[in-house]
Amino acid sequence: MPRYSSRANKPGHYSAYPRERPSPRKIWRYTAAAGCLFFILLFIKSSPVPTAQNIHPFAPAAHRPPSNPSNTANPGEPRWYNHWRWLNPFSESITDDENRSVLPPPRERPPIYTFYDQDAEKDEGIKAAQNRLLLIWRRAWWAHGFKPVVLGKAEALNNPLYERFQVRKMEHTLGADMMRWLAWGQMGQGILSNWLVLPMGPYHDHLLSFLRRGEYPKLARYEGLDSGLFSSDKASIEAALKQALDSPNVAKSTSLRDLLSPDTFAVDPKPSAIAFYGSSTLADQYKAVSTALTDSKATGLLLLADLIISHLHLTFLNTFSSGIAILTPHRSHSLLIHYPAITLANALTTCPSSPIPTSCPPANPSCTPCSSSRPLPLSTPQSLENTSTLFTIGTIPHPYTLASLLSKTASLSIPHIRRNSARDPWLVSTTSKTLGPTLGGPDRLVPFKERVASEASASRSLWLVAEEE
């Protein structure tokens with residue numbers, strides 16, 4: 001066995017464990033692969049490493065992804081979930097989360113269209129007044145279960161019949177009316193309204209209930225509303241437009257209705273819950289506003305807006321003639337949480353400012369005008385009342401809030417709540433008049449949910465939360 005005199009003469013690792021040297025072909029392959037990887041890393045731009053210069057501690061947080069419908073992604077926050085099983089007594093059995101409430105699926109709102117050409121008026125004061133009237137129109141129809149949509153030139157230009165309209169010579173008034181119909185035809189079936197046509201009646205009026213169904217089998221207009229309101233399916237709108245564009249009287253007419261044969265429309269009776277503030281109506285019934293419009297259009301439109309708001313408020317007061325009920329269960333301990341509801345009720349019963357204080361809406365000339373000497377009665381019942389002419393404002397406290405108000409101890413504990421407090425005190429008190437005193441809490445939940453959220457009664461009440469966000 002050989003001896004090694006020094007450390008330097010010892011065999012290396014490669015000598016002790018000899019390996020086969022790679023062939024030149026393999027060396028070429030490895031070199032080519034390494035070169036390709038180098039160029040890929042060189043030309044692909046990677047995200048920069050965060051440094052002190054590009055980190056913003058006060059930047060807004062990224063949007064959260066959508067939560068799972070059956071489970072909440074953000075515990076502790078007020079959440080809700082739309083589901084057809086909303087009448088189930090306990091939301092947690094559907095959402096798997098005690099902080100998430102199940103609400104009924106939103107009701108389908110049929111669209112109602114109006115047309116407004118923002119380039120037609122150059123005066124800024126007039127445009128501001130018109131925009132205020134458009135906002136009133138949108139809010140009024142939305143409150144009655146519709147989806148108000150303001151159309152413009154863009155919708156009319158997209159209609160395939162616009163090219164035929166463009167080559168016809170006609171009066172400016174007829175051209176504006178034709179543009180309104182072209183925009184409506186582009187949207188398909190629905191309701192076409194002048195933005196001075198507003199609902200002025202109860203939510204469950206027969207005509208309003210029919211229009212909310214969203215089914216319009218024929219082209220219909222309504223007696224007494226002139227060209228203020230139409231409803232139709234898409235085929236009838238297109239047929240009416242083609243008939244008007246092919247008419248030989250286009251150059252002489254000022255309205256699209258004049259170009260159509262009498263049997264084109266189905267004329268329905270005059271509605272009792274829809275008002276049209278047209279020029280003839282203003283001249284006959286509201287001379288002060290009509291005179292102001294003649295003197296200054298901007299001032300007259302602002303007066304008209306005040307008049308319409310006062311009539312909408314008056315319609316509310318006449319619909320709920322029995323008054324406003326402020327639901328106050330356990331009022332001796334929880335009166336403070338009902339203060340916002342009391343403030344709102346006082347505002348609703350206050351007569352609105354109006355350019356013609358004793359006037360009535362056009363659709364209801366025999367209304368009862370608002371009088372500060374005879375205000376709408378206010379009541380503070382501890383239980384719900386089943387009266388269709390009574391508007392209810394309720395405040396729902398969190399169970400911990402109510403337990404804190406009803407408890408006579410400095411701090412709450414689970415043993416105290418279980419042994420010394422009644423079960424579901426707010427729900428029992430709220431429903432005792434309509435359901436009696438014997439039912440338990442779970443049996444009261446379903447009728448209470450129906451009273452709050454069903455379509456039959458949702459328009460007769462408003463519900464607030466006691467805790468601020």
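Of the 469 residues in the protein chain, 38% are buried, where buried stands for under 20% relative accessible area with a 1.4 Å probe and protein chains only. The model is a predicted one, in which local features need pLDDT of at least 70 and side-chain atom pairs count only at pLDDT 80 or more, while totals for chains, interfaces and linings use all residues. Residues are numbered from 1 along each chain as its sequence is written, and side-chain values use heavy atoms, with hydrogens and water left out.

The protein chain holds 18 helices and 14 strands, taken as DSSP runs numbered from the N terminus, with helices being H or I over at least four residues and strands being E over at least two. Among its contacts between residues at least 6 apart in sequence, 73% join residues at least 24 apart, a contact being heavy atoms within 4.5 Å.

One place to look within this chain is strand β3, residues 111–115, which is largely enclosed by the rest of the structure because four of its five residues are buried. Strand β3 pairs in the parallel sense with strand β4, residues 147–151, over five bridges, and it pairs, again in the parallel sense, with strand β5, residues 190–193, over two bridges; pairing requires that DSSP finds at least two bridges between two strands. Ile112 has Pro148 as its bridge partner in β4, and in β5 the bridge partner of Ile112 is Ile191.

Helix α4, residues 124–143, forms a right-handed β-α-β unit together with β3 and β4; right-handed here means that, with the strands pointing away from the viewer, the path from the first strand over the helix to the second runs clockwise.

Methods:
Buried < 20%, exposed > 50% of the residue type's maximum accessible area, 1.4 Å probe, protein only.
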